[in-house]
Amino acid sequence: VIRDGPQVEVLNVVSLHGGLSASWPVAAPVTSALIVQSLVGHWREVGLPGYAQFDNDMIFHGTHRYPDALGRVVRVCLSLGVVPVFVPPRETGFQAMIESYNGWWQAKVWSRFQHADLEGLQGCSGRYVTALRRQRAARTEAAPDRRRFPANWELNLKKRPRGRLVYLRRSNGLSEVTLLGRTWPLGQVWPNRLVRCEVDLDQAKIRFF
């Protein structure tokens, strides 16, 4: 909380290849609409990645109350040909890169300066991101090429999503995994194993590896 000001949340992103980062401090709460706006603006600027990794918070995935429900962030990714990847619940190792960046942002931006208001915090955050990008320029330049953002793209949330999603899940003692609001038997004796679940929306199939 900014003293005598609003409660603040920050949406952070960082690329696996190149360490390209961006941050959006806003008055709480962060909404799925804000995430979509931020990601679309970011990808228009730097190009489209092949994959985008998220944790399992409903703000990224969509509601877990109903089976087979996909939220707007997932639908935006799919409509742009970006594969959403959801990490295993309660396993922090897969989040190490973004958690590291979260820690740096808190240390270098939030804790180092006293922020009079949200606009001051946003300015400070922007300067930090610019400096970090400059520092990592050679590493970012060496990263795989990104696809261009399509010039005529428009978001249509009513259109049936197409493409592929990936869920990393830990199977239970009965060799089952839970995703999309359902429990799936793996058909293999894989108790307590880390499983890659690929949801192919075009072929209406789920493959387990």
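## Cysteines

A disulfide is a pair of cysteine sulfur atoms within 2.5 Å, and this predicted model holds zero of them. The sulfur of Cys-197 lies 18 Å from the closest cysteine sulfur, that of Cys-77, which is too far for a bond. Cys-197 is also buried, with a relative accessible area of 0%, and Cys-124 is buried at 8%, where buried means under 20% relative accessible area (1.4 Å probe, protein chains only).

## Largest pocket

A pocket is an open set of points on a 1 Å grid over the protein atoms alone, where a 1.4 Å probe fits and protein lies on both sides within 12 Å along at least five of seven lines; its lining residues have an atom within 4 Å of a point. The largest pocket has a volume of about 1300 Å³, a volume being the space filled by probe spheres set on the points.

Its lining has 40 residues, of which Asn-12, Val-13, Val-14, Gln-53 and Ile-98 lie nearest the centre. Among the elements that give two or more residues to this lining are β1 (8-14) and α4 (96-110), helices (H or I) being DSSP runs of at least four residues and strands (E) of at least two. The lining divides into 25 nonpolar, nine polar and six charged residues, with Asp, Glu, Lys and Arg counted as charged and Gly as polar.

## Second largest pocket

The second largest pocket holds about 230 Å³ of space, and its lining includes Arg-75, Trp-153, Glu-154 and Arg-162. That lining divides into five nonpolar, two polar and five charged residues.

## Basis

Residues are numbered from 1 along each chain as its sequence is written. Local features need pLDDT of at least 70 and side-chain atom pairs count only at pLDDT 80 or more, while totals for chains, interfaces and linings use all residues; side-chain values use heavy atoms, with hydrogens and water left out.

Definitions and conventions:
Buried < 20%, exposed > 50% of the residue type's maximum accessible area, 1.4 Å probe, protein only.
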